[in-house]
Amino acid sequence: MDLVIAKKDLLRLVARCQGVADKKSAMPALANVLLAAEGNALRVAATDLYLGVTGQTHAEIKTGGAVAVPARDLLERVKAMPDGPIQITTTEGAHTSLKAVGSPRRYTLPGLPGADFPQLPAPALDAPSLELPVELLALLITRTHFSISTDETRAHVNSALFEWAGERVRMVTTDGHRLSKMEATVSGSSATATMLIPLKAITELRRLAEEARAEKETPMVAITQSGPSAFFNIAGMQFSVKLVDAQFPPYQQVIPSVTERSVRAPRVAFAEALRAIALAANDRTGGVKLSIAPGTLRITSESPDTGAGFDEVAVDYAGPEVTIGFNAKYFLDVLAAVDDEEVILGISGELDPAVLRPGSESSQQSYVAVIMPMRI
């Protein structure tokens, strides 16, 4: 293989692929990225056998071919190259050379033949597909990712439920202590699908979506479900994920249809008070007490090791008083994910879950977070 490619184009592709490469795998090829040159394009790909990402860009190809080289090592060396074109050549034994054109700087890397790299899956031609704005995909993930369980032994909640039915799309996550649900309308859609996307894939998708937004690249993402996999075409990359084969909990049963008390609170002031009082909470539980009274939301915490904390926020509420314990972090995650000036807190009894919604919603989008109480 012998080619010349612009540093910025190579760096963009390698940076987007290396997050998927599996550094701890017993299969050496999975710690690598594939460089495949054909025609007038270089394709870069990575996989851990569950996730896969591939993209291509223009290059001056003198001799085609394919080689797999260590992902992190390649990224560090491309970053260290001066701006401008880079020449990539391979020799027998898959040794790969990177040289800055017009500069003496050069690196060599050990590699594997391209044929040793696993083949990435591809969607069936007739698989159902949905297009939605990158902004919306980023919002769906931002408002729900934090309540995905990190327990990899519980695959059904170590993932996000993504559903679309006609023009309505939905993402739901839960870890058993809290639940987040975001819905939106996508005009012109008619397909129906349900998929469980694992946490690692959600993390990579969020990164890809945020990068696409920052660089103002292609404004739409195409999502295709095909067999056991889903495919996301985003910002010139195809991201594939092996979906989780499990049953997501019946989340509709967890979301209270009504709550006895409704409190309208200023989001930023509520978050600042929670963050401050959580400093004095028990390190293990993070528990704080929320006491609502007419016009006031009081936040208290008490720990034999760290003392006590107290603060209050002026709120719009005129009902009877009630006090309930919660994990402060669960509220803070939700308050950081929404950007409305006010939030609506729904509370019933001491043993009932709290419901948190943005202060204003439209028929196009809706969001709700459910947080289970705790004894303090």
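**View 1. Strand 13 and strand 14 (residues 178-185) form an antiparallel pair joined by seven bridges.** In this predicted model, local features need pLDDT of at least 70 and side-chain atom pairs count only at pLDDT 80 or more, whereas totals for chains, interfaces and linings use all residues. Residues are numbered from 1 along each chain as its sequence is written, and side-chain values use heavy atoms, with hydrogens and water left out. Strands here are DSSP runs of E with at least two residues, helices are runs of H or I with at least four residues, and both are numbered from the N terminus; two strands are said to pair if DSSP finds at least two bridges between them. Within this pair, Thr173 stands opposite Ser180 of strand 14. Three residues lie between the two strands of the hairpin, where Gly176 takes a positive phi near 95°.

**View 2. Strand 12 (residues 159-165) pairs with strand 13 in the antiparallel sense, over five bridges.** Glu163 stands opposite Arg170, which belongs to strand 13. The hairpin of strand 12 and strand 13 has two residues between the strands, and Gly166 there takes a positive phi near 65°. Strand 13 (residues 168-174) is mostly covered, since five of its seven residues are buried, a term for under 20% relative accessible area, with exposed meaning over 50% and partly exposed lying in between (1.4 Å probe, protein chains only).

**View 3. Five strands make an open sheet in the order 5-1-7-8-9, with antiparallel pairing.** Strand 5 (60-63) and strand 9 (106-109) stand at the edges with a single partner strand each, so one side of each is left without a neighbour in the sheet. From one strand to the next, the twist averages 20°, where axes are lines fitted to C-alpha atoms, for helices over the stretch in contact, and angles run from 0 to 180 degrees between N-to-C directions. Strand 7 (residues 85-90) and strand 8 (residues 96-100) are joined in the antiparallel sense by five bridges, and the bridge partner of Ile86 in strand 8 is Ala100. Helix 1 (residues 7-18) packs on the sheet, touching strand 1 (2-6) and strand 7, and its direction makes about 90° with that of strand 1; contact means heavy atoms within 4.5 Å. Helix 2 (residues 71-79) lies across strand 7, strand 8 and strand 9, and runs at about 175° to strand 9.

**View 4. Asn32 is found in strand 2 (residues 32-38).** Asn32 is buried, with a relative accessible area of 6%. Leaving aside residues up to four places away in sequence, Asn32 touches several residues, among them Ala21, Ala45, Val69, Leu112 and Phe117.

**View 5. The largest pocket holds about 490 Å³ of space.** Its lining consists of 14 residues, of which Tyr50, Glu152, Asn158, Pro198 and Lys200 lie nearest its centre. A pocket is an open set of points on a 1 Å grid over the protein atoms alone, where a 1.4 Å probe fits, with protein on both sides within 12 Å along at least five of seven lines, and lining residues have an atom within 4 Å of a point. Grid points are joined across faces, edges and corners, and the volume is the space filled by probe spheres set on the points. The lining of the largest pocket divides into seven nonpolar, one polar and six charged residues, with Ala, Val, Leu, Ile, Met, Phe, Trp, Tyr, Cys and Pro counted as nonpolar, Asp, Glu, Lys and Arg as charged, and the others, Gly among them, as polar.
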